[in-house]
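Please keep the sequence and the model in view while reading.

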Amino acid sequence: MSSFPTRQERIHLDGRTLEGGGQLVRIALALSTITGRPITIDHIRGNRTGKKGLKASHLAAIKYLADVSGSAVSGAEVGSSSLTYHPPPNAETCVRQNGEINIHLPTAGSISLVFQALYPYLLHTAGCLSDEESEPQPVRMSITGGTNVSFSPSYDYISQVLVPNFARVGLPPLAVHLEKRGWATGPFSLGKMTFVIHPMGRNQESPYGFPRVDLDGYPRGKITQIDVTVLAPDTSLFGGSDQHTDRKKGNSQTSDDTSQSTTIRQFIEYETMRMLRTRLRRIPSSIVKQGSAGPPARLYGNDEIVPINLHVSERTHHRPHIYILIVAHTSNGFKLGRDALFGAQDQNSQRKTGGRKGRPTDDRSIALELVERCVDDFVRELYDPGLQSTSEGHQPCVDEHMRDQLVIFEALGKSTSTCEVDGKGKEDEGYYSLHTQTARWVCEQMLGVEW
């Protein structure tokens, strides 16, 4: 580990670096507040298409961190392309706020992205004691905003993937509760999530007390079970067919009365299971743990190569409120997730459809496109022939989107006395997304860490 910048040395970050989005801002804010090092960020979200600069979710995190730490801020307004954040020199300030934090976003902005910006600092200070306490107490943080929002972790991903993975790498217990769903697509809807953050034991070997997170020690496990979450309306499928109703006759979750029209939710459930079974047969058998047996599951067939469980099937009330999450359980205790939200297309999907022009408009075609995108992304996460490691490194133990969220904890938990080893047994960086590369770059600039 190289020498740290001094506490008063201002660090300048170019917001266009690598991925050039909001993640750079969130990580820099968290690290600045924890370390007491002032920062200036220019060209904020400079690589984004459309509107650039700060969003409301960024401002909510900035306002809380600045208020709780007594930091001085300039440029904190929606659309601002430059921000200067100057925390007090003493970054060890303990702020309890009676263990209750409430944050309200004015729109259905992502709750999870606000949480990402605040969580490292709250972990850092959660162990502080008030005069009335004999031992540290959990901190409750409630955030009002969007729970299912484009290009951000959903409540379902957080509860099923992020929380268990955090626990698996040694972070303290974290609980998340859904009070109400809030959607960024379709009719305006604000939701609410509550996080219960337990204090961490102080690691005396790391400068900031965080536990050591060493992902190099966890190769990718084999798949033992797959869970599927479907959120969709129970309205009749426009553009559906009687053939589909006949094919799923006998499914305990649908009516035996084939005269009843298929709903959008039923159609998505069936097609997700069908596509999963088909696609999974194409991957190498070494990816799946043979003879794996999960708990009793609600299955659509008995020909899966791994148990597939319809984990959550929830009714929504508007056609645009459609979401799918597929989660793989692995033999070493980690979870891998991929999801798809109606109205949120990735770049690959946009290239396939040419953007909005020519996109399907009937329910059946829309649902099929969403299911296919989710299943293909999930299977590619399990096995991507174009990314097979050619070095001595191994594939990360978590999925692509989870990987970048662990970077800040890896950096904060690094020991000043740790000797770096050679590349044997380490992760293959060829699997790293731009988000992961960006997160590592910010931590290098802020903490002086070497990977």
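## Handedness of a helix crossing

A crossing is called right-handed if the near helix is turned clockwise from the far one by less than a right angle, and left-handed if it is turned anticlockwise. In this predicted model, the crossing of α2 and α3 is right-handed in that sense.

## The chain as a whole

The protein chain has 451 residues, of which 54% are buried, and its secondary structure amounts to 11 helices and 12 strands. Among the contacts in the chain with a separation of 6 or more, 78% are between residues 24 or more positions apart. The accessible surface is about 19400 Å², and carbon and sulfur atoms account for 48% of that area.

Two packed helices are described by the angle between their axes and the distance between the axes. For helix α2, residues 56-69, and helix α3, residues 111-125, the axes come within 8 Å and cross at roughly 20°. Angles under 35 degrees count as roughly parallel, and α2 is therefore roughly parallel to α3. On the α2 side the contact is made by S57, A60, A61, Y64, L65, V68 and S69, while α3 contributes V114, A117, L118, Y121 and L122. By class, the residues of this contact are 10 nonpolar and 2 polar, with no charged residue.

Helix α3 also packs against α1, again at an angle of about 20°, and here the axes are 9 Å apart. It follows from the angle that α1 and α3 are roughly parallel to each other, and their crossing is right-handed. The residues of α1 that take part are R26, A30, T33 and I34, which meet L113, Q116, A117, P120, Y121 and H124 in α3. This contact of α1 with α3 comprises 6 nonpolar, 3 polar and 1 charged residues. A117 and Y121 of α3 are listed in the contact with α2 and also in the contact with α1.

## Helices α6 and α8

The crossing of α6 past α8 is right-handed. The residues that α6 brings to the contact are I264, F267, I268, E271, T272, M275, L276, R279 and L280, and those from α8 are D363, R364, A367, L368, V371, E372, V375, D376, F378, V379 and L382. Sorted by class, the contact of α6 with α8 contains 13 nonpolar, 1 polar and 6 charged residues.

## Two individual residues

Q23 lies in helix α1, which spans residues 22-35. With a relative accessible area of 4%, and with buried meaning under 20%, Q23 is counted as buried. When its neighbours within four places in sequence are left aside, the residues in contact with Q23 are D404, H435, T438 and A439.

K55 is found in the loop between β2, residues 39-42, and α2. Its relative accessibility is 42%, so K55 counts as partly exposed. In sequence K55 and S80 are 25 residues apart, and in space their C-alpha atoms are 8.5 Å apart.

Terms used: Residues numbered from 1 in each chain as written. Predicted model: local features only at pLDDT ≥ 70, side-chain atom pairs only at ≥ 80, totals over all residues. Heavy atoms only, no water. Helix = DSSP H or I, 4+ residues; strand = E, 2+ residues; numbered from the N terminus. Buried < 20%, exposed > 50% of the residue type's maximum accessible area, 1.4 Å probe, protein only. Contact = heavy atoms within 4.5 Å. Areas by Shrake-Rupley, 256 points an atom, 1.4 Å probe, with all protein chains shown as cover. Axes fitted to C-alpha atoms, helices over the stretch in contact; angles between N-to-C directions. Parallel < 35°, antiparallel > 145°, perpendicular 65-115°, else oblique. Nonpolar A, V, L, I, M, F, W, Y, C, P; charged D, E, K, R; others polar.
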